[in-house]
Amino acid sequence: MNNIKQTLYKDEFNEIAQNFYDDMIYTWIPSYNELLSNTLRYIPRIKGSKILELGCGSGNITKLLCDICNDITVVDLSEEMLKLCKLKCSPYLTIICEDMTNVNFEKNSFDTIVSSIAIHHLSNDQKQKLFLKIYTWLKPGGIFVITDVMTTENKYMDTIASNHYNDYITKQGANKRHIKQLTEHRRKYDIVASRKEHFRWLSDCNFASINYTWINHFFTTIVCRKIVSKYSEVALKKI
Ligand SMILES: C[S@@+](CC[C@H](N)C(=O)[O-])C[C@H]1O[C@@H](n2cnc3c(N)ncnc32)[C@H](O)[C@@H]1O
């Protein structure tokens, strides 16, 4: 991400954090609790495991991760979001306030890497590069779980989902001004790719067992595993 864009995103998310992110998120995201539990569902409960969370925000996933792991590294570019996260989960955390496209870790560092509703803020090129890095950071057999906004590549299906989504947030109390604000946020800060694209990029990195494990409107969870082979070593040289 270039510096101007990074500052823009940082300011936007700092402001959202100060405007009660945790109240807002239940209005904006259908079945947010379900989203959290489905994101967590496939994370192995291994004693002594190490987990990385990218774009942790106010720490709603992180808090649940603390119940299964006591070595968690979180990355987010908004210091205000990270303050909220720290309040919920402090003792187990290594906190990195940075753009996730700029961070680097040793090969084979983590048992699990997880990200929820954050990677859609990266360009498609950045997403693909990040997936390759995630592959290297995972230990062999490690799991990557991504829950994010993804389209279907079918205009009809996407329009239905979008109308349904607007009905949902209206029922949650959003008025025309809120919908306009949200539409503006999405236009400025979201770079949404399709489920198929995510699937293809993950297979290009040689992730195996790629599965959609939950779908609600545009919100989708994909779980996959790092299997090391000769082919994956070739893919990694592209980084
Ligand atoms: C919609 S919130 C999601 C937070 C949390 N994961 C959740 O599920 O509630 C998106 C988060 O991603 C962070 N974010 C966006 N772009 C980022 C980037 N390039 N690097 C690091 N964090 C980023 C924002 O600061 C924000 O906290």
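## Two residues with positive phi

Asparagine 206 sits in the loop between α9 (195-204) and β7 (207-216). The model is predicted. In it, phi of asparagine 206 is near 75°, a positive value in a residue other than glycine. Asparagine 206 counts as buried because it has 20 C-beta neighbours inside 10 Å, and the cut-off for a buried residue is 20 or more.

Serine 209 is found in strand β7. Its phi is near 45°, also a positive value in a residue other than glycine. Is serine 209 buried or exposed? Serine 209 has 11 C-beta neighbours inside 10 Å and therefore counts as exposed, the limit for that class being 12 or fewer.

Strand β1 covers residues 51-54. Ile51 and Glu53 point one way from the strand, Leu52 and Leu54 point the other way, and all are buried. In a regular strand the side chains alternate between the two faces of the sheet.

β1 runs parallel to strand β2 (residues 72-76), and 4 bridges join them. In this pairing glutamate 53 stands opposite valine 74 of β2. Together with helix α4 (residues 60-65), β1 and β2 make a right-handed β-α-β unit. β1 also pairs in the parallel sense with strand β4 (residues 110-116), over 4 bridges. Here leucine 52 stands opposite isoleucine 113 of β4.

## Nonpolar cores

Which residues touch the most other members of the largest nonpolar core? They are Ile113, Ile134 and Phe144, in a core of 44 residues. Leaving aside neighbours within four places in sequence, isoleucine 113 is in contact with Leu52, Leu54, Ile134, Trp137, Leu138 and Phe144. Leu52 and Leu54, two of these contacts, point to one side of β1. Apart from this core lies another, of 6 residues, including Ile29, Leu35, Ala193 and Phe219.

In soluble globular proteins, nonpolar side chains tend to be buried together.

## Surroundings of the ligand

The shell around the ligand holds 22 residues, of which Phe13, Gly55, Gly57, Ser116 and Ala118 come nearest. By class, the shell divides into 13 nonpolar, 7 polar and 2 charged residues.

How values were computed
Residues numbered from 1 in each chain as written. Predicted model: local features only at pLDDT ≥ 70, side-chain atom pairs only at ≥ 80, totals over all residues. Core = buried A, V, L, I, M, F, W, Y, C linked by C-beta atoms within 7 Å. Contact = placed C-beta atoms within 7 Å. Pairing = 2+ DSSP bridges. Right-handed = clockwise from strand over helix to strand, strands pointing away. Near = placed C-beta within 6 Å. Nonpolar A, V, L, I, M, F, W, Y, C, P; charged D, E, K, R; others polar.
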